[in-house]
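Me: I have a model open and want to go through the ligand sites and a few residues. Can we take it piece by piece?

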Amino acid sequence: MTLLTVSGLHAGYGRIEVVHGIDLAVDEGSVVALLGTNGAGKTTTMRAIAGQIPARGSILLDGTEIAGRSAAERVRLGIAHIPQGRGTFSDFSVEENLRLGAYTVGSRRRVAEDMDHWFTVFPILRERRRQSAGSLSGGEQQMLAIARALMSRPRLLLCDEPSLGLAPTIVRDVFKVLADLNASRGLAILVVEQNADLSLAVARHAYVMTTGTITMSGPSDTLRQDFSVRHAYLGV
Ligand SMILES: Nc1ncnc2c1ncn2[C@@H]1O[C@H](COP(=O)(O)OP(=O)(O)O)[C@@H](O)[C@H]1O
Ligand SMILES: [Mg+2]
């Protein structure tokens, strides 16, 4: 079953269009990678799907058209977005950041339960719950960004360059967390990632974006073997 179907998506800033009518899909419970060089329009695509910038085209979530809906409504319907740069508030405590992730959740009890759950999954966040997010290490901040996004109980996680600025061993930890969330909860993930090797290892399917259009797509195994992908994104 397809969870997300994006068709003919155009997006940009003011009069400048940077995403030129792309199509992509994410199956329920699958991990999909969106690859491409800097400036290709990956972040713009993620923001358009999350409803953070105006866009044209169709975005179906579980068959429901959400293109006209606000960002908050999309969160309520099951889309959580971890923006590039993580989007956590450095002056706010870990706990406050998690609460902000649950801004669409009415039930305080559910927020408390979910927070406790994620503190159990990420014990370091419990330890640091009253510390400001800015005082955490880069890896801890990325775990906080993930936990914060999960506070809305999403079905689809949009994850924009989770490895940015992190040491290679921490990057592997972050991807392990994403893979575990996918395996244990069936969380569908659309991940933008510069490290094609890693993302293709985790993702089932991948899209390659070049200057605002999708120029290649297919099963990760196939793309990994494709010379031009290897050359452009794997550096081999
Ligand atoms: N806020 C913005 N205002 C104007 N142009 C932007 C803005 N953000 C990104 N762009 C431009 O849109 C294009 C695509 O950027 P982006 O989606 O961030 O690419 P990617 O995430 O693939 O690196 C780039 O040319 C970039 O300069
Ligand atoms: Mg980007």
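Me: Which residues surround ligand 1?
Reply: In this predicted model, the shell consists of Tyr13, Val18, Thr37, Asn38, Gly39, Ala40, Gly41, Lys42, Thr43 and Thr44. A residue is near the molecule if one of its heavy atoms lies within 4 Å of it.

Me: What are the ground rules on numbering and confidence?
Reply: Residues are numbered from 1 along each chain as its sequence is written, while chains are lettered from A and ligands numbered from 1 in the order in which they are written. The model is predicted, local features need pLDDT of at least 70, side-chain atom pairs count only at pLDDT 80 or more, totals for chains, interfaces and linings use all residues, and side-chain values use heavy atoms, with hydrogens and water left out.

Me: How does the shell around ligand 1 divide into nonpolar, polar and charged?
Reply: Three nonpolar, six polar and one charged. Ala, Val, Leu, Ile, Met, Phe, Trp, Tyr, Cys and Pro count as nonpolar, Asp, Glu, Lys and Arg as charged, and the others, Gly among them, as polar.

Me: Which element gives the most to that shell?
Reply: Helix α1, residues 42–50, with three residues. Helices (H or I, at least four residues) and strands (E, at least two) are DSSP runs, numbered from the N terminus.

Me: Where do the oxygen atoms of ligand 1 meet polar backbone atoms?
Reply: At Ala40, where the distance is 3.2 Å, and at Gly41, where it is 2.9 Å.

Me: How much of ligand 1 does the protein bury?
Reply: 58% of the 560 Å² that the ligand exposes when taken alone. The areas come from the Shrake-Rupley method with a 1.4 Å probe, and for residues only the protein chains shown count as cover.

Me: Next, the metal. What coordinates the magnesium ion?
Reply: Thr43 (OG1) and Gln84 (OE1) coordinate the magnesium ion, ligand 2, at 2.0 Å. Thr43 is in helix α1 and Gln84 is in the loop between β6 (79–82) and α3 (94–101), so the pair ties together parts 41 residues apart in sequence. Donors are N, O and S atoms within 2.8 Å of the metal (3.2 Å for Na, K and Ca), and water is not among the atoms, so sites may look incomplete.

Me: What are the relative accessibilities of those two?
Reply: Thr43 has 24% and Gln84 has 38%; Thr43 counts as partly exposed, and so does Gln84. Buried means under 20% relative accessible area, exposed over 50%, and partly exposed in between (1.4 Å probe, protein chains only).

Me: And Thr88, buried or exposed?
Reply: Thr88 is buried, at 15% relative accessible area. Thr88 sits in the loop between β6 and α3 and touches Asn97, Ala133, Gln141, Leu144, Ala145 and Arg148, leaving aside residues up to four places away in sequence. Contact means heavy atoms within 4.5 Å.

Me: Back to α1. How many of its residues are buried?
Reply: Seven of nine, so the helix is largely enclosed by the rest of the structure. The buried ones are Lys42, Thr44, Thr45, Met46, Ala48, Ile49 and Ala50. Just after α1, Gly51 takes a positive phi of about 85 degrees.

Me: Last one, what does Leu100 touch?
Reply: Phe89 and Phe92, not counting residues up to four places away in sequence. Leu100 belongs to helix α3 and is partly exposed at 33%.

Terms used: Polar contact = N/O pair within 3.5 Å; in protein donor to acceptor, adjacent residues only side chain to side chain.
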